[in-house]
Amino acid sequence: MSQLMYQLGETFSSLRKNVAMVASVVLVTFISLSFVGTAALMQLQVNQMTEDFYDRLEISVFLCTENSAEAACPTGAVTDAQRENIEEMLTTGAASQYVESFRYESQEEALENFQAAREDSVRAEQVTAEDMPESFRLLLVDPQDFLLVNELFAGVAGVENVADQQEVLDQVFGILNGLTVVALIIAAVMILCTVLLVSTTIRLSAFSRRRETSIMRMVGASKSMIRTPFIFEGIIAAALGALLACLATWVVAEFLMGQWLAQQVTGIMFISAADSWIVMPALLLVAVLLAGLSSWLTVRKYLRV
């Protein structure tokens with residue numbers, strides 16, 4: 001116990017003597033791990049959005065209109081009998097086992113939704129109800145069954161085409177995943193800078209205390225007794241930066257995503273501060289491991305005992 005207290009005393013003494021370099025390590029660690037934390041939060045958000053949206057993913061079975069292409073609708077606009085046949089397929093027919101629920105959207109309702117989504121567009125004012133297709137909006141038991149449902153309605157009289165939102169969602173999630181990768185690349189570069197800075201700090205600390213180290217060697221101090229304070233120095237500086245990064249991660253999750261974005265973008269469930277606690281231990285562990293390893297390698301190479 002006394003040996004540990006001595007080593008900690010030597011560590012804090014060295015930290016006080018190298019305030020500028022230690023502050024540099026803390027700041028660089030803070031910035032690099034903040035990028036890591038933000039990237040992790042973004043990935044958690046993407047995973048949550050993916051699960052949420054795919055659970056609510058709708059399939060649209062668009063019915064033929066007078067303006068539909070002849071190749072898709074050789075019999076012209078959908079008839080009452082054809083519409084009833086399609087509804088029967090959804091209710092008790094072949095498609096019913098894949099459909100959790102469905103709703104019918106008339107041409108007038110389709111027009112209202114179209115104009116509401118594009119209220120500032122001049123083209124929206126020129127569109128009439130006859131231009132909009134009727135449709136059945138399906139919520140599947142398993143969104144992965146889209147291809148099976150598509151095949152069931154392919155060639156059914158009165159059906160123009162079947163579409164889902166998955167392609168659009170995949171593009172959105174692809175962009176978000178790309179931003180996560182960019183954040184991780186920046187974080188990797190910054191972490192490399194942190195490792196190099198920790199190594200440089202330990203080298204300078206060892207150089208400034210070479211006289212003390214020589215005296216300790218002469219009085220018979222062990223290698224671990226001499227080296228451990230330097231390793232502690234790097235770990236403590238990096239851990240302080242990691243704690244700041246944990247705080248920044250919590251702030252991003254609580255205020256940016258949990259409050260501000262949640263108010264700006266409705267209809268999406270954003271992660272909260274509770275999710276940041278999943279990330280924080282990993283940030284602290286990464287900082288301690290990297291700093292400890294780089295410090296250990298540095299003292300082995302440059303501190304001859």
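Predicted model: local features only at pLDDT ≥ 70, side-chain atom pairs only at ≥ 80, totals over all residues.
Local features are given where pLDDT is at least 70 and side-chain atom pairs only at pLDDT 80 or more, while totals for chains, interfaces and linings use all residues. Residues are numbered from 1 along each chain as its sequence is written, and side-chain values use heavy atoms, with hydrogens and water left out.

**Overall fold**

The protein has 10 helices and 4 strands, arranged along the sequence as α-α-β-α-β-α-α-β-α-β-α-α-α-α. Helices (H or I, at least four residues) and strands (E, at least two) are DSSP runs, numbered from the N terminus. Of the 305 residues, 38% are buried; buried means under 20% relative accessible area, exposed over 50%, and partly exposed in between (1.4 Å probe, protein chains only). The accessible surface comes to about 17,000 Å², and 62% of this belongs to carbon and sulfur atoms. Accessible areas come from the Shrake-Rupley method with a 1.4 Å probe, and for residues only the protein chains shown count as cover. Among contacts (heavy atoms within 4.5 Å) with a separation of 6 or more, 82% are between residues 24 or more positions apart.

**Helix α3**

Helix α3 has 12 residues and spans 16 Å from its first C-alpha to its last, close to the expected 16 Å at 1.5 Å a residue. The expected span is 1.5 Å times one less than the number of residues. Q82, R83, I86, M89 and L90 are the buried residues of α3. They lie on the same side of the helix, because they cover an arc of only 120° around the axis; the arc is that of the directions from the helix axis to the C-beta atoms. Their cover includes β1, β2, β3, α6 (146–153) and β4 (159–164). The exposed residues D80, A81 and E84 sit on the face of α3 turned away from the buried side.

**Salt bridges**

A salt bridge is a side-chain nitrogen of Lys or Arg within 4 Å of a carboxyl oxygen of Asp or Glu. By this rule the count is 5. Three of them are listed here, with the distance between N and O atoms.

| Pair | N to O distance |
|---|---|
| R103 and E58 | 3.3 Å |
| D80 and R83 | 2.8 Å |
| E134 and R83 | 2.8 Å |

R83 takes part in a salt bridge with D80 and in another with E134. E134 lies in the loop between α5 (122–126) and β3 (135–140) and R83 in α3, so their pair ties together parts 51 residues apart in sequence. D80 and R83 are separated by about one helical turn, because they are 3 residues apart in α3 (residues 80–91). D80 is exposed, at 54% relative accessible area, whereas R83 is buried at 18% and E134 is buried at 9%.

The side chains of R103 and E58 also meet in a salt bridge. This pair links distant parts of the chain, with R103 in β2 (residues 99–105) and E58 in β1 (residues 58–63), 45 residues apart. R103 is partly exposed, with a relative accessible area of 40%. Salt bridges that share partners join E58, R103, E105 and R137 into one network.

**Nonpolar surface patch**

I31, F35, V182 and I186 form a nonpolar patch on the surface, with about 290 Å² of accessible area together. Patches are made of residues with over 30% relative accessible area and no salt bridge; like charges are joined within 9 Å, and nonpolar side chains (Val, Leu, Ile, Met, Phe, Trp, Tyr) within 5 Å. Helices α2 (19–55) and α7 (166–208) each supply at least two residues of the patch. F35 is in α2 and is partly exposed, at 31% relative accessible area.
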